[in-house]
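Trainee: Please put the model up, and then I will ask about the folding elements and their packing.

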Amino acid sequence: MAFKYLSKDIATLSFGIGIGNVSPGFSETLKGDYERYAHFAPKTTAVSFLMWETGLIGLFLVFVGCFIVFGDALHLIRQDGISGVLALGWVAVVII
């Protein structure tokens with residue numbers, strides 16, 4: 001549903017609706033257009049929330065960031081000591 005609605009406009013598809021417009025905020029001043037888009041809000045997936053708020057570019061950047069952290073953690077696993085142990089933990093965190 002997020003892709004179908006956002007694909008009506010290339011700018012909205014690329015950059016999303018904006019953070020705080022789909023998910024509830026903690027402040028009334030930072031709420032944005034929440035009432036307008038609240039009925040579109042997904043109930044189960046974080047990927048759908050991310051696509052609504054940041055668009056395809058934001059979704060892509062999050063996946064790239066996770067891939068970079070995963071690659072660095074895989075490289076650091078081979079080290080002895082606490083660095084290797086922490087890297088093993090980060091590999092599991094990124095996968096989850």
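The questions below go from the whole chain to single residues.

Mentor: This is a predicted model, in which local features need pLDDT of at least 70, side-chain atom pairs count only at pLDDT 80 or more, and totals for chains, interfaces and linings use all residues. Residues are numbered from 1 along each chain as its sequence is written, and side-chain values use heavy atoms, with hydrogens and water left out.

Trainee: Which pattern does the protein chain follow along the sequence?

Mentor: Helices (H or I, at least four residues) and strands (E, at least two) are DSSP runs, numbered from the N terminus. The protein chain has five helices and zero strands. Read along the sequence, the pattern is α-α-α-α-α.

Trainee: What percentage of the 96 residues of the protein chain counts as buried?

Mentor: Buried means under 20% relative accessible area, exposed over 50%, and partly exposed in between (1.4 Å probe, protein chains only). By that cut-off, the buried share of the 96 residues is 29%.

Trainee: At what angle do the axes of α4 and α5 cross?

Mentor: Axes are lines fitted to C-alpha atoms, for helices over the stretch in contact, and angles run from 0 to 180 degrees between N-to-C directions. The axes of α4 (residues 46–76) and α5 (residues 82–95) come within 8 Å. Their crossing angle is roughly 145°.

Trainee: How many residues of the contact of α4 with α5 are nonpolar?

Mentor: Ala, Val, Leu, Ile, Met, Phe, Trp, Tyr, Cys and Pro count as nonpolar, Asp, Glu, Lys and Arg as charged, and the others, Gly among them, as polar. The contact of α4 with α5 has two polar residues and no charged ones. The nonpolar number is eleven.

Trainee: Is Phe 70 buried, partly exposed or exposed?

Mentor: Phe 70 lies in helix α4. Beyond its neighbours within four places in sequence, Phe 70 is in contact (heavy atoms within 4.5 Å) with Val 91, Val 94 and Ile 95. Because its relative accessible area is 25%, Phe 70 is partly exposed.

Trainee: Which residues does Phe 3 touch, not counting those up to four places away in sequence?

Mentor: Phe 3 sits in helix α1 (residues 2–6). The residues touched are Leu 13, Met 51 and Leu 56.
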